[in-house]
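Me: Please walk me through this model, feature by feature. I would like the general idea and then the case at hand.

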Amino acid sequence: MQKYTQIIIACIVLCTTYIEGQTCLSGNSVFNSQTEVDLFATNFPNCTEINGNVFIQGNVSNLNAFNNIVKINGNLTIISTSLSQGNIFPNLQEVVKSLFISNAFITNLNGFNSLTTVNNKIEIYGNNGIMSINSFNALTKTDTITIGQEVNVQNAFTQIQKLKSLKLETYGLPTQNLQVSGPNSFNAVTKCDKIQMYGLQNTNLNFLSNLDTVSNEFFIIFLPNLTSLSGLSSLSLVKNMSISGCEDLTNLNLPSTAKINSITVSGNGALTSLAGLPPITQLDQLAIVDNLVLTSLEGLNSLNTVKNVFYLYQNPVLNDISALDNLKIVGSDVNIYDNPNLNACCKIASLVTKNRILGQVQIYDNGEECSSLLDILGIYCSDLDEDEIFDEDDNCPNDPNDDQDDADNDGVGDACDNCPLISNANQADANNDGVGDACQSVSGVGSMQISSDVYVDNSLRGVILKSSNGFCYRIKVNNKGKLSSKKITCP
Ligand SMILES: [Ca+2]
Ligand SMILES: [Ca+2]
Ligand SMILES: [Ca+2]
Ligand SMILES: [Ca+2]
């Protein structure tokens, strides 16, 4: 009697679309039980292409009835079944719309190895049996892949090259067992509009080693075991990168040629500096927030421009922002607060005095010497030579030189460099004559023998010879190579 009841229920579902003699179902198909699934194989033994959506749910533990299916002209949804092993849809090549898989008991998804195309999206989540995925290795086209909760992606999705969106998310506490353990998974992906990772258990991101471009957001959030970003070894362009809540991350290790337009580094409890960032000269937005052991901004040394807002707050041991010495302009607000060990922030004051911050400046609750803009400007930042460059930024604090020119690039401005054309950052001057040792003229030597050329690369200089009557002449060369001699004061 129970069997008849099941068949009757199955008929209510199936017979609405089933016409005797038809090869396949047409319209949408819903399968609520194993009986209904098995009836499909009986009624449509030659069916390879299903028109419409396919919805499978309920007490279904075996999908062998669909082994001949090659194409589904709609969505394929497999949810809340009792499936435990997922070697399913072995010959399915195309899902014209989307594929949804959410089954609490499934532990292994090895199916879908003929699937090349899912036109819209693939969503695999709510699979709480710690499902391993080792499949989808023929897939070359889909827009969006979302994988969530208790899933271990082993060597899956090895062929797909371009995506609009890749989401690997736990949708909850980042203690769930979502991880990509197979290094070949997603390994062909070179371009993706958006990548969102949340709660992934990975220690590295080696599975994205060919990723070149993320044209929108790239969020790496709450990856508790991640130690480095070095796996992103091909990354060349990211629009908006957020690295947040990664408690074990000690080095950013991004490729030195990568271009990043905006960056947020927040809540990373083990990160002491930003040294692993590529050299960045211009950012749209910069946020450095709530990094417990970050002491300096080293890594931002090339930064010249922040076009929009600059946030720097709640970094409890940050004490050094000298890496911002090359910052010339901020196009919007600057917010610096709750960095209790930050005292030296005259760099910000000098941007303010030069009107190089185009938005509001909020500075408070930092170290005493950086606790308000008024105090910084009025008390803590001195400008001895009054050239409007505060002493700590001034490459000649006692000589007015608002141009800050430094021809030999040794960090000492030309206005006070004791060898302006020879790099000598230490300014050593043993005989204290005001001429640095690095360019001190040789004197008191009986004769000097050099076994190579003497090269004077300054056309205004030459060789000075003393005549027998005690005068000195500088011998120089003109543009045609002719020597000339001019009387000068002896050195
Ligand atoms: Ca000065
Ligand atoms: Ca100066
Ligand atoms: Ca110099
Ligand atoms: Ca010098």
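**Strands, sheets and a crossover**

Reply: Start with one pair of residues: Phe31 stands opposite Ile56 in E3. The model is predicted: local features need pLDDT of at least 70, side-chain atom pairs count only at pLDDT 80 or more, and totals for chains, interfaces and linings use all residues. Residues are numbered from 1 along each chain as its sequence is written, while chains are lettered from A and ligands numbered from 1 in the order in which they are written.

Me: How are strands and their pairs defined, and which strand does E3 pair with over 5 bridges?

Reply: Helices (H or I, at least four residues) and strands (E, at least two) are DSSP runs, numbered from the N terminus. Two strands pair if DSSP finds at least two bridges between them. E3 pairs in the parallel sense with strand E5 (residues 76-81), over 5 bridges. There, Gly58 stands opposite Thr81 in E5.

Me: What is the order of the open sheet of 4 strands?

Reply: The order is E2-E4-E6-E9, and the pairing is parallel. Strand E2 (49-51) and strand E9 (117-118) stand at the edges; each has a single partner strand, so one side of each is left without a neighbour in the sheet. Strand E6 (residues 94-95) pairs with E9 over 2 bridges, in the parallel sense. Val95 faces Val118 of E9 as its opposite residue.

Me: Which strands are at the edges of the sheet of 3 strands?

Reply: That open sheet runs E20-E22-E24, with parallel pairing. Its edge strands are E20 (282-283) and E24 (329-330), each pairing on one side only. Strand E22 (residues 305-306) joins E24 through 2 bridges, again parallel. Thr305 has Ile329 as its bridge partner in E24.

Me: What are the partners of E25?

Reply: Strand E23 (residues 310-313) pairs with E25 in the parallel sense over 4 bridges. Phe310 stands opposite Val334. E25 also pairs with E26, parallel, over 4 bridges. Asn335 stands opposite Gln362 in E26. The chain crosses from E25 through H3 to E26, a right-handed β-α-β crossover. Right-handed means that, with the strands pointing away from the viewer, the path from the first strand over the helix to the second runs clockwise.

Me: Which residues of H3 are buried, and what covers them?

Reply: In H3 (residues 346-353), Cys346, Lys347, Ile348, Ala349 and Ser350 are buried. Their cover includes strand E25 (334-337), strand E26 (361-364) and helix H4 (373-380). Just after H3, Asn355 takes a positive phi of about 55°.

Me: Where does the pLDDT stay under 50?

Reply: pLDDT is the predictor's confidence in each residue, from 0 to 100. The protein averages 90, and 92% of the residues score at least 70. Over residues 1-5 the pLDDT stays under 50, and the model has 0 contacts there beyond four places in sequence. A contact needs C-beta atoms, placed from the backbone, within 7 Å. Residues 7-21 are also below 50, yet this stretch has 14 contacts beyond near neighbours in sequence.

Conventions. A residue is buried if 20 or more other C-beta atoms lie within 10 Å of its own, exposed if 12 or fewer, and partly exposed in between; C-beta atoms are placed from the backbone. Two residues are in contact if their C-beta atoms, placed from the backbone, lie within 7 Å.
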